[in-house]
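User: I would like a close look at one part of this model. Please take me through it step by step.

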Amino acid sequence: MGEIKDLKSKLLPARDCTTCEATAQMINKARRDGVELVFDRAANMKPCPIGAESACCKHCSMGPCRLNAKDPYAKVGVCGATIDTIQSRNFARMVATGSASHTDHGMAVLQLFGEVVKGHSKDYEIQDTRKLVQVADSIGIETEGRSNNDIGVDLYNELMKTYTQVEGEIPFMKRVPEKTLETWRKEGIVPRGAMREIMEIMNRTHIGVDQDYENLTKQISRTALSDGWGGSMVATEIGDILFGTPRPTVAEVNMGVLKEDEVNVIVHGHEPNLFESMLVSTTSKAMVEAAKAAGAKGINLVGMCCSGAEMMSRHGIPHAGNFMSTEAVIVTGAVDAMAVDIQCIKQGLGKVAECYGTELFTTNPRCRIEGVKHIEFHEDDPLGCTDEVVIKAISRFKNRKGAIEIPNNKSVGIHGFSTEYIGYMLGGTFRDSYVPLNENIINGRIRGVAGVVGCTQPRTKQDYMHVELVKELIRNDVLVLQTGCSQISLAKAGLLIPEAAHLAGAGLAEVCETVGMPPILGMGSCVDNSRILTAAARMVETGGLGHALADLPVAGAAPEWMSEKAIAIGQYFVASGVFTVFGTTFPITDNTKFKKLLFEGLEEKGLGKWGFCNDPIEMAHMMIAHIDKKRKQLGIDKARERVLMDMADRQKLDVA
Ligand code: NFS
């Protein structure tokens, strides 16, 4: 399938690279300054057409073997591997890597939690005891009359099985609707423990092991589910217990959040603990005084990418932009220090930071960059790292050289819609309920729910597909849930506000106005896609919309995806029963049995299915058609027709 287009010129005009005005301004500045960014590297790197279609194999040294994507069954690899074996193995390894990233991150958060509840950590404490009890209850841990630490130790031990268990079902399977779990058991795809699943996938994709794409696809689903309902879900739930469950918070987004007269510190990455500690360092009296002594008005802490999205949701910390803007933001010259942890950290940041004198630091032993300074973050002395970064930032502020140009774009939006908060918003603090959501879906005011998530990337105009797709969905009464870089795209477009309801269809707008909520709900980082799963499970549990996740009128999309994590997320949504559409490119060869299985066959087994589309409006209508199909199967399609008729009648009356 591929779909990556040949690039005509070596340097694309900034306007063709992005719809983000701030990023475009910085692309132009970088070109004036002679600094190369990701957009320029992409224009000079023609994607390998065989690799883009996943028609090559380098799993052994008899090859690498290249098959012909145009005539996929004309050739086989040296070992005899068919196109279906080669593609499914490549896909499996993407899912394994993506799942490993989320689960390793989740396990680190759980380990920190373990230190806290065992009383070994003095720097962190549980912020949300209500959620501690809720999560423990949800997986059958006794909570009545017990201390938080006792509950916490049991929760730690139980959730550690998510990663280390060898046989049995992972703990959060208790949250999966019974009918969905039955399907998974029948298919043999209930995850045992993430380490086991990832290890098995690596074995099965070695030369000469699993050479039946259907059998391998089962392990692909099982591994992805160990991420969505396992590693990622633990990261979200334990993150909430440790750092607080998000509630709607106003936050500013885009490069205009940088301040010329303050020390600007950016944290970019995925693990909340570094960022939480940076918040303590940048607000400490001693550091603020040191900044003032250096001539600054204060210290301005800003986030980027996913940990930025979490901190924005939990504390209203401003956010400077998504994945495609992480180099561009340094071009402002105003970033005094950037501390990174893991995932989506471009190696190119090193050079750009050097050009503008920004102090760039890696902090996690898993992620170092050659030539970039490393200040290791230790959970038993978190401030040791973050204080040092802030001191370096202050000194860079004092010695700033070169012109500073901060784009004045920033948008204010509301973020932090956790699964729990959606319940309180609809039902009130003491009677958390999803009934009003289900009722409004059943009566047709809300047509369905879409999750729009994932990255931005240089092979498609930054933010464009996210924004146009979401606008088209809400225009058609589809409530949109968002996470990750996609949420930042919509936030920059100024649409994460209740007033965006004026762009929504009449039914959705009416619900938003009654509840006082935006038609687009920002739920946090990419691991917080697990919030979309728990919200979907709540919808099934609430009743009236079928018995399995696959019955729900919902769909998902990642129109500008680029990472292996995104593929893992897509696969766990598909395995959970959701129609999931990706854009820009898809690592698969057309007209193969493996593609047919992913794009059609899985749905016939009671799971969801994949889709691909490169036009945001068309993509929206693929999702809407699926939602309408589900409404019809549920027998609620007529209700929507009636609602629409009522509205038309009302409008006629208004005119009269
Ligand atoms: Ni998700 Fe977060 Fe962004 Fe893509 Fe990267 S930051 S985990 S992978 S690029 S959405």
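Is the crossing of α5 and α7 left-handed or right-handed?

Analyst: This is a predicted model, in which local features need pLDDT of at least 70, side-chain atom pairs count only at pLDDT 80 or more, and totals for chains, interfaces and linings use all residues. Residues are numbered from 1 along each chain as its sequence is written, and side-chain values use heavy atoms, with hydrogens and water left out.

The crossing of α5 and α7 is left-handed. Left-handed means that the near helix is turned anticlockwise from the far one by less than a right angle; clockwise is right-handed. Helices here are DSSP runs of H or I with at least four residues, strands are E runs of at least two, and both are numbered from the N terminus.

Helix α5 spans residues 83-117, and helix α7 spans residues 148-164. Their axes come within 9 Å and cross at roughly 155°. An axis is a line fitted to C-alpha atoms, for helices over the stretch in contact, and angles run from 0 to 180 degrees between N-to-C directions. The angle therefore makes α5 roughly antiparallel to α7. The classes are: under 35 degrees roughly parallel, over 145 roughly antiparallel, 65 to 115 roughly perpendicular, and the rest oblique.

Now the residues. Contact means heavy atoms within 4.5 Å. On the α5 side, the contact residues include M107, L110 and F113. On the α7 side, they include V153, L155 and Y156. The contact of α5 with α7 has 10 nonpolar, seven polar and no charged residues. Nonpolar covers Ala, Val, Leu, Ile, Met, Phe, Trp, Tyr, Cys and Pro; charged covers Asp, Glu, Lys and Arg; the others, Gly among them, are polar.

Helix α9 (residues 194-204) and helix α10 (residues 213-243) have axes that come within 9 Å and cross at roughly 150°. They are therefore roughly antiparallel to each other. Their crossing is left-handed. The residues of that contact are five nonpolar, four polar and four charged.

Helix α11 (residues 272-283) and helix α15 (residues 382-398) pack at about 60°, with axes 9 Å apart. They are therefore oblique to each other. α11 passes α15 in a right-handed crossing. Eight nonpolar, four polar and one charged residue make up that contact.
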